[in-house]
Amino acid sequence: MPFFLPTDLIENFTNLFSIAEKTDWPKNPKLIFTSLGYHDDEIFKLYLASKVEKNSTYILHQHGSNYFTGKNTLVDYGFSSCDKFISWGDSGNKKCIPLFNTKNIGIKIDKLFHGKNILFFTPKMSSQRKRPFDDYGKIIRDNIILEEILYKLNNDIKKNTILKLHSNDYDSEILEKKILNEIIFKRNEFPINRSRINNKLLKSSKILVHSGDGTAFLESLAINKPTICILQNLNWIREEIRDEYNELMKAKILFLDSEKASNHLNEIYYDVNKWWLNNETKKVRNKFCQKYSKPAPNSGISKMSIFFKEIINGK
């Protein structure tokens, strides 16, 4: 254990705590709000903990992830320790204050779907090992499935296919290059885009395909862009909401089989509206978004301003 515990927990703890005490942040805050500060900012973590011990109210805002659907978030130190959680949807959890998907503020929803590209969101190819399961193995398996889907696309559709990669960590470049060369580009090569979801990217895209049901998948559903999700299986989905994922599969929004996913993309590419605007597909999408990723209104910033004023005033 001494070789694996971060020095911040023991050797460097006093120094970090001293730095946190000397910041110019409020000494006796009534409320502390964050989305990601609790995650990787050691100084803020200590500041937050010290103020919560003195009865400051800790409010956490959903930054993404599958908070209410994945087993990997059953135990989350952010959600479990906060007093209130501002969620993207109305999950029914008593700790939550439902808002909407705030990452989509400013995104213009194109209801006509004029784009021609299929945008594939690849798995994050991180070299860091920070989860209590074989995340490296999962990265490899997810990419193998992705390559199988890409290979089985019709050739004319492949010409309009783009890989949407994460902004890579400086220490993950070698791993990413290896996975791309040995798996994804084994039988075909595709152009790469690393930009965040934006209006230009969405306007040029017809269909968004996700290797996972996390942040980007929820964003895509909320902006009502034709969206498909690929999972290996439902093993990581909480048992109590499996029926909702089965509904996604029936609506052909979610696939557990690479060949079925490829066949669906080949079938809908030239008339995506026939599938996406189908009443049953719309019903399933709307139901899922209401619970996990409500669309952001046009006046998103104003709505958030009013929302936070009400929280500050104790409403």
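Reply: Let's start with helix H9, whose buried residues are Phe-217, Leu-218, Glu-219, Ser-220, Leu-221 and Ala-222. Buried here means under 20% relative accessible area, exposed means over 50%, and partly exposed is in between (1.4 Å probe, protein chains only). H9 covers residues 215-222, and with 6 of its 8 residues buried it is mostly covered. Helices (H or I, at least four residues) and strands (E, at least two) are DSSP runs, numbered from the N terminus.

Before going on, a word on what you're looking at: this is a predicted model, where local features need pLDDT of at least 70 and side-chain atom pairs count only at pLDDT 80 or more, while totals for chains, interfaces and linings use all residues. Residues are numbered from 1 along each chain as its sequence is written, and side-chain values use heavy atoms, with hydrogens and water left out.

So what do the buried residues of H9 pack against? They pack against strands S8 and S9, plus helix H12 (272-276) and helix H13 (279-292); contact means heavy atoms within 4.5 Å. After H9 comes Asn-224, with a positive phi near 60 degrees.

Now follow S8 and S9 into their sheet. S8 (residues 205-210) and S9 (residues 227-230) run parallel and are joined by 3 bridges; strands count as paired if DSSP finds at least two bridges between them.

Axes are lines fitted to C-alpha atoms, for helices over the stretch in contact, and angles run from 0 to 180 degrees between N-to-C directions.

From here, have a look at Tyr-269. Lys-206 lies over the face of this ring, 4.2 Å from its centre (the rule: NZ of Lys or CZ of Arg within 6 Å of the ring centre and within 35 degrees of the ring normal). Tyr-269 also has a side-chain polar contact with the side chain of Asn-160, at 3.1 Å. That term means N or O atoms within 3.5 Å; within protein, one must be able to donate a hydrogen and the other to accept it, and residues adjacent in sequence count only if both atoms are side-chain atoms. Asn-160 sits in the loop between helix H6 (155-158) and strand S6 (161-164), and is buried at 17% relative accessible area. Leaving aside residues up to four places away in sequence, Asn-160 touches Lys-116, Asn-117, Ile-118 and Tyr-269.

Finally, there's another sheet to visit. This open sheet has 4 strands, in the order S1-S2-S3-S4, paired in parallel. Its edge strands are S1 (31-34) and S4 (96-98), each pairing on one side only, and neighbouring strands are turned by 20 degrees against each other on average, direction ignored. S2 (residues 57-61) pairs with S3 (residues 84-87) over 3 bridges in the parallel sense, and Leu-60 has Phe-85 in S3 as its bridge partner. Helix H3 (residues 42-52) lies across S1 and S2, at about 150 degrees to S1.
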